[in-house]
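Welcome! Please take a look at the model below before reading on, and keep it in view as you go.

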2 protein chains.
Amino acid sequence: MSEYSTKGTLCVADIWLEKMPDWQTLNGHCETALKKSNMNVLNGLVHQFEPQGTTAVWILAESHMALHTYPEQNFLAVDVFTCGDEGDPAAAVKALIELLPTTASNQYNQLRGKRLIN
Amino acid sequence: MSEYSTKGTLCVADIWLEKMPDWQTLNGHCETALKKSNMNVLNGLVHQFEPQGTTAVWILAESHMALHTYPEQNFLAVDVFTCGDEGDPAAAVKALIELLPTTASNQYNQLRGKRLIN
């Protein structure tokens, strides 16, 4: 017997860029991508590492988003999670990839809360 | 030709509990699990949803952690990401599972930043 208790979807993306935008530009693109995919920011935190690199996390009405930059590699790691039927994390990631000067990307979707009972 | 540019590991876990602890207890277990796996909290945000459910995100020196509770299902979704060689996200998740009254769990590890070039 199996039971599927789907709670949400995690979409993760590894993104390589032609050039890493400054934080203000990148943050603006994140906000645009979230709005386009019907997600609403409730709160957010940003940390600028020395000598470089930014980590940002957002609490969304629908769940969360996290972002890590590696400017020395023009690389960006993005996670978007939604708990239920509201919002579309894959669409948010796709929108962000399109807004950025992306040269290559991997995108994975992981269904969460899938429980198998024997 | 292939190139592997490993940047970090994302460990995600779906956890079912006998009973959902209150936030203070759960937060304490998260802090303990992070310490045990050599991760350091730089900042954090918590949002309590109405009528229930908690989302929490932490910026770590090593990357981030995110947590979502579904008290009505005694279900917890946890993500821990590390950007480099510091810290052990799988160990943090394992420690958290052991600290909680866990009845079932799924745990997945995802290598991030793996790039294939033809």
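The report below walks through the chains, their pairing and some local details.

## Ground rules

This is a predicted model, in which local features need pLDDT of at least 70, side-chain atom pairs count only at pLDDT 80 or more, and totals for chains, interfaces and linings use all residues. Residues are numbered from 1 along each chain as its sequence is written, while chains are lettered from A and ligands numbered from 1 in the order in which they are written.

## Chain A at a glance

Chain A holds two helices and six strands. Helices (H or I, at least four residues) and strands (E, at least two) are DSSP runs, numbered from the N terminus. The C-alpha trace of chain A spans about 50 × 25 × 25 Å along its principal axes.

How much of chain A counts as buried? The share is 42% of its 118 residues. Here, a residue is buried if 20 or more other C-beta atoms lie within 10 Å of its own, exposed if 12 or fewer, and partly exposed in between, with C-beta atoms placed from the backbone. Two residues are in contact if their C-beta atoms, placed from the backbone, lie within 7 Å. Among the contacts in chain A with a separation of 6 or more, 64% come from residues 24 or more positions apart.

## One side of a helix

Let us turn to helix H2 of chain A, residues 89-99, whose buried residues are Pro89(A), Ala92(A), Val93(A) and Leu96(A). These residues cover an arc of only 95° around the axis, so they sit on the same side of H2(A). The arc is that of the directions from the helix axis to the C-beta atoms.

What do the buried residues of H2(A) pack against? Their partners in chain A are strand E1 (8-17), H1, strand E5 (75-82) and strand E6 (102-112).

## The sheet of chain B

In chain B, six strands form an open sheet in the order E2-E3-E4-E5-E1-E6, with antiparallel pairing. The edge strands are E2 and E6 of chain B, each of which pairs on one side only. From one strand to the next, the twist averages 10°. Two strands pair if DSSP finds at least two bridges between them.

Strands E1(B) and E6(B) pair in the antiparallel sense over 10 bridges. You can look for Ala13(B), whose bridge partner in E6(B) is Gln107(B).

## How the chains meet

Where the chains come together, 31 residues of chain B are in contact with 31 residues of chain A. On the side of chain B that touches chain A, at least two residues come from each of the strands E1 (8-17), E2, E3, E4, E5 (75-82) and E6 (102-112). The residues of that side divide into 15 nonpolar, 11 polar and five charged. Ala, Val, Leu, Ile, Met, Phe, Trp, Tyr, Cys and Pro count as nonpolar, Asp, Glu, Lys and Arg as charged, and the others, Gly among them, as polar.

Chain B superposes on chain A by a rotation of 180° with 0.0 Å of shift along its axis, at an RMSD of 0.0 Å. The two copies are therefore related as by a two-fold rotation axis. In chain B, the C-alpha nearest that axis belongs to Val57(B), 3.4 Å from it. Copies are superposed by least squares on the C-alpha atoms of residues with pLDDT of at least 70 in both. Of the interface residues of chain B, 100% are also interface residues in chain A, so the copies meet through the same surface.

## Backbone details worth a look

A cis peptide bond joins Glu50(A) and Pro51(A), with omega about 0°. Pro51(A) sits in the loop between strand E2 (41-48) and strand E3 (54-60) of chain A. In chain B, Glu50(B) and Pro51(B) are also joined by a cis peptide bond, with omega about 5°. The loop between E2 and E3 of chain B also holds Gln52(B), which counts as exposed with 11 C-beta neighbours inside 10 Å. Gln52(B) touches Pro71(B) and Glu72(B), not counting residues up to four places away in sequence.

Asn38(A) is not a glycine, yet its phi is positive, near 65°. It is partly exposed, with 14 other C-beta atoms within 10 Å. Ser63(B), in strand E4 (residues 63-70) of chain B, has a positive phi of about 160° although it is not a glycine. Is Ser63(B) buried or exposed? With 27 C-beta neighbours inside 10 Å, Ser63(B) counts as buried.

Conventions
Axes are lines fitted to C-alpha atoms, for helices over the stretch in contact, and angles run from 0 to 180 degrees between N-to-C directions.
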